[in-house]
Amino acid sequence: MWLKLYQGLFYLIQPIIWMRLLLRARFTPAYRKRWSERYGFCKKKVTPGGLVIHSVSVGETIAAIPLVKALQQTYPSLPITMTTMTPTGSERILSDLGSQVHHVYLPYDLPCAIHLFLDTLNPKLFIILETELWPTLITVLYQRKIPLIIANARLSERSAAGYQKIAPLMKSLLERLTLVAVQNEEDGKRFIQLGLKPSQIVVTGSIKFDIHLTPELKMKAVSLRKQWAPDRLIWIASSTHEGEETLLLEAQRQLLQKHPDLLLILVPRHPERFSKVVNLVRKSHFNYIKRSSGDFPSSTVQVIIGDTMGELMLLYGIADLAFVGGSLVNHGGHNPLEPAAQGVPIMMGPHTFNFKDICTKLVLAQGLIQIADVTSLVKTVDLWLIDQNCRHEYGQNAMEVFHQNQGALKHLLSLLKPYLPEPPRDSHR
């Protein structure tokens, strides 16, 4: 009964969803396109009978890419369709994987759209990255006997508390999942408290530790550093949200008084906010350039605005230290493993519930410092700029945590094996 009510409500709010897409399209025109995919129409864009991997947005997509490449190596003839919900996630798939996979938006959780989508794809296995629990999708997959695995799953205390308010409904949904591969024991316990059976859970660790830095990326970072600032120190503030840029620019203003050559790379999380951040930097009277301009910073440039897509790992590679955003404001923080993979010391604000386990590991290993406000941010940056040994030690500690916790991807691949066709004997050659 509750599912029918949910589906009825979802049909009723479609005009509101259309208005929201059009509003977002003012800043990101891609939201105006490909609406048919959001209702399951994708017949000429996919190959049926394969595997579907859903990653809601950019962070999950980045984590999914090593998984996709490993699956392609083992199952070269298996069609893979990747789905997202956002244009930024879509752009990341197209830029990193191109024609190696099929890509469409995951349809809205409406019975007609989900049935049409699954009629077209008829997948052997459906994988959802992290914890996107769509009731209609889960129910229809269960009815069609299509295995559904939640990979790299996490469930924060905050999310678990919200789900507890509808515990009976959650229990009925969770029972329909084939397997949940959780990042840690605590996440697993929260799923069990919501009604998932222990036999449905495997602790794999986080596949976000299995980032692979290519030699090409490393060489490009070395070259860009020489072009941009061979004799200057650089700090990067990445994946920032509204409210954070003002604080970070104030920190840069204070730091320039003591370190006049310091260069800040400021990378907003969402492309629709690029122009807004440019205006903010301009009004704050900083000398700046935009990454998209292709210009090299002169000695007087104080801020580079990272307004391109798919370059964050490159920009981390040229930075001396990093602040990871979404953490000074209450968004739960973004992935600190990307700078850790490159031996860059990390700062984050107090709001890190999206990466609680990872941040705890990094803090205990002295690879990450959690700051509370602009004052503590300035103090930490100043310390690392002055004390090169301390800066390098924190960076090396972060990198060690990154390397010590790899292996989740291999574990996950072994869990997927029973649900996929037997690979060719020479697939690993």
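**Close-up views of a predicted model**

**View 1. Packing of helix H3 on helix H4.** Helix H3 (residues 58-74) packs against helix H4 (residues 87-96) at an angle of about 25°, and their axes lie 8 Å apart. Helices here are DSSP runs of H or I with at least four residues, strands are E runs of at least two, and both are numbered from the N terminus. Axes are lines fitted to C-alpha atoms, for helices over the stretch in contact, with angles from 0 to 180 degrees between N-to-C directions. H3 and H4 are therefore roughly parallel to each other (angles under 35 degrees). This is a predicted model, in which local features need pLDDT of at least 70, side-chain atom pairs count only at pLDDT 80 or more, and totals for chains, interfaces and linings use all residues. Residues are numbered from 1 along each chain as its sequence is written, and side-chain values use heavy atoms, without hydrogens or water.

**View 2. Residues between H3 and H4.** H3 contributes Val-58, Thr-61, Ile-62 and Ile-65 to the contact, and H4 contributes Thr-88, Gly-89, Arg-92, Ile-93 and Asp-96 (contact: heavy atoms within 4.5 Å).

**View 3. The largest nonpolar core.** This core has 43 residues, and Phe-126 and Phe-191 have the most contacts inside it. A nonpolar core is a set of buried Ala, Val, Leu, Ile, Met, Phe, Trp, Tyr and Cys residues joined through side-chain atoms within 4.5 Å; buried means under 20% relative accessible area (1.4 Å probe, protein chains only). Elements giving two or more residues to this core include helix H2 (14-25), strand E4 (125-129) and helix H8 (167-174). H5 supplies the largest share, five residues.

**View 4. Surroundings of Phe-191.** Beyond its neighbours within four places in sequence, Phe-191 contacts residues including Thr-131, Arg-154, Leu-174 and Ile-201.

Terms used
Angles under 35 degrees count as roughly parallel, over 145 as roughly antiparallel, 65 to 115 as roughly perpendicular and the rest as oblique. Buried means under 20% relative accessible area, exposed over 50%, partly exposed in between (1.4 Å probe, protein chains only).
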